[in-house]
Amino acid sequence: MQIVNPNSRTSSTTLGQLTDVRFADAPLAVGTQRALAEVLGYERMTRVQAQTLPVSLQGKDVLAKAKTGTGKTLGFLLPAIERILAAPAAARRGRVSALVISPTRELAQQIAEEAKQLLKFHDLGLQVVFGGTKMTKDVSSFNRRTPDILVATPGRLLDHLENTPGFREACAGLQCLILDECDQLLDMGFRPSIVKILQHLPPKSGRQTLLFSATMPQDVQEMARFGLNPSYELVDCVGKEAGTHQQVPQTFLVCSVEDQLGELAQIIAEGRQVPGHKLIVFFTTARLTQFYAEVFNFMGVPVLEIHSRKSQGHRTKVSDQFRTGNGLVMFTSDVSARGMDYPDVTGVIQVGMPADRAQYVHRLGRTARAGGREGGRGVLLLAEFERPYLRQLSDLPLQPRAPSPPEALAAQGPQLSAALARLSHATRGAAYQAWMGFYNSNLRRCNWSKEDLVRNANHWITAVCEAPEVPALQAKTIGKMGLKNVPGLIKSTEPFGGGRGGGGNRGDQNGSSQNKRQERSASATPVANTKKGRGAENDTYGVGYNWGSASGGGGGRGGGR
């Protein structure tokens, strides 16, 4: 494969899937052949393309089992384009002829970018729509020229179908429907939206439908029966080979919550020693992703940051930078867990317990993609109270990781404390709220009561994150979390600065994290003040917090303040 365009999919993942089947031998339009050769620089097909195109180019419905990063985007765009070109221009004018439904904004943009290159020598319109942008901008573009190919996320697409005048009518002549990453669409809870979308579209008997999925669970098969013609063909491009979660070397480390930040720093430092490293670090919520990103950047460890709290422009820029670069570390929430093709990832680190086994596997799938570079590894970092989660992974080849030497953790203590001291009150408060929100949704998995949750959250923010006091939460936030009247919370009716001081949990026996860092090694600098510190994405509760007075604060470097 000759690389002509740096944006073409020529990662080691894709290269590892190449066959001897040539695009030049396929029944494709001249303009399409030119784009493949001159723009994308593709000569040979990947396995998924070679297996699906002979079927889909005949106009048949296809259910394809294919891994991300193996060339499937081209596998469904090519038949869609050829089907559009087969219809008279007058018949398709003012109509959406092909619709691609993608689970995430990032993947939708990636698909649109590849489609744009394929359309270089065709006079066909292309548009991509997704949430997080103004609908009026979508409508303006749509009215200027109805796109022949529309790429969309489910929520925004359904919104337009139900509320934008003329949108549903423009889709009445749809020739080709594509559901990409169908297993992820269903995992993310989009089944009701997809069912409604299909009700707005022409019946399956009057269109071609292509459904691509990395896995084939029961719900995907049910969706195929619902959305595809009964005569559809199943094309399995994966077979019974062991999945990524069986092939990738995986380790886990369960440590005290006080050591978690230090151990993460050690794991990342180790991963950065790999030449051309590309590390993805997953966190449980968007706000915690932001928190850890700020800490590590303040430590002088440059990290990229991508999550739902960032603007779409930022997310696109960071996604492109990580996809095309190397020597990078990216902190992310689950916005990047599935679908995106990040080539040559050398390691995936998961901090905190994933939602379930499937989420762990999905995240792990970012490294050592099919045919990708060797050396990809996965690390799961859990706090001691998250240990029960490991039972869900008992059938996977996880090996225990040795804890870092106490002297290594002690040596980095001052650097961590200096970085934590630079965090703004807003960042700390948002992280506290997100931490509490996430574990509030997982009380049963941690075997916690509401009181345990608050006590541990207060300990985390003061003794671990070294905040001077426990952040105050608005009363409505506390109510939404179901934590009304739980001891240890500081209530405020003001978004910032209006709360009454308050105390947190007294008598914590663990001490501040900085004290523990210094006490790990006999060679550490003696601590003059050893007084014990006080205090014991779910981002949806983001409705405000503030800070109490120092009267009940805690933790901190060197003990209570």
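A: Begin with the idea of a nonpolar core: a set of buried Ala, Val, Leu, Ile, Met, Phe, Trp, Tyr and Cys residues joined through side-chain atoms within 4.5 Å. The model is predicted. Its largest nonpolar core has 73 residues, and L264, I268, F296, F331 and W460 touch the most other members. Helix α19, residues 425–440, gives the most to this core, with 7 residues.

Q: Which residues does F296 touch, leaving aside those up to four places away in sequence?

A: F296 touches L261, L264, A265, I268, V301, V303 and F331. There is also a second, separate core of 39 residues, with L40, I84, A112 and I149 among them.

Q: How do I read a helix such as α19, and is α19 mostly covered or mostly open?

A: An α-helix has 3.6 residues a turn, so residues three or four places apart point the same way. In this structure α19 is mostly covered, with 14 of its 16 residues buried. From its first C-alpha to its last, α19 reaches 22 Å, close to the 22 Å expected at 1.5 Å a residue.

Q: What is the strand order in the open sheet?

A: Strands of a sheet pair through backbone hydrogen bonds, either parallel or antiparallel. Here 7 strands form an open sheet with parallel pairing, in the order β5-β6-β4-β7-β8-β3-β9. The edges are β5 (126–129) and β9 (233–236); each has a single partner strand, so one side of each is left without a neighbour in the sheet. From one strand to the next, the twist averages 15°.

Q: How many bridges join β4 and β6?

A: Strand β4 (residues 98–101) and strand β6 (residues 149–152) pair in the parallel sense over 4 bridges. Within this pairing, V100 stands opposite V151 in β6.

Q: Which strands does helix α12 lie across?

A: Helix α12 (residues 218–227) lies across β3 (62–65), β7 and β8 (208–213). The helix runs at about 175° to β8.

Q: Which residues other than glycine have a positive phi, and are they buried or exposed?

A: E181 counts as buried because its relative accessibility is 1%, and the cut-off for buried is under 20%. N485 has a positive phi of about 70° and is found in the loop between α22 (475–480) and β18 (491–492). With a relative accessible area of 62%, N485 is exposed.

Q: Where does M353 lie, and what does this residue touch?

A: M353 lies in the loop between β14 (347–351) and α17 (357–364). M353 is buried, with a relative accessible area of 2%. Not counting residues up to four places away in sequence, M353 touches T284, L382, E386, Y389, F438, Y439, N442, R445 and C446. The C-alpha atoms of M353 and R387 are separated by 8.6 Å, although the two residues are 34 residues apart along the chain.

Q: What does the pLDDT say about the chain?

A: pLDDT is the predictor's confidence in each residue, from 0 to 100. The protein chain averages 83, and 81% of the residues score at least 70. Over residues 369–374 the pLDDT is below 50, and this stretch has 19 contacts in the model beyond near neighbours in sequence. Residues 496–561 also stay under 50, and the model has 193 contacts for them beyond four places in sequence.

Technical notes: Residues are numbered from 1 along each chain as its sequence is written. This is a predicted model: local features need pLDDT of at least 70, side-chain atom pairs count only at pLDDT 80 or more; totals for chains, interfaces and linings use all residues. Side-chain values use heavy atoms; hydrogens and water are left out. Buried means under 20% relative accessible area, exposed over 50%, partly exposed in between (1.4 Å probe, protein chains only). Helices (H or I, at least four residues) and strands (E, at least two) are DSSP runs, numbered from the N terminus. Contact means heavy atoms within 4.5 Å. The expected span of a helix is 1.5 Å times one less than its number of residues. Two strands pair if DSSP finds at least two bridges between them. Axes are lines fitted to C-alpha atoms, for helices over the stretch in contact, and angles run from 0 to 180 degrees between N-to-C directions.
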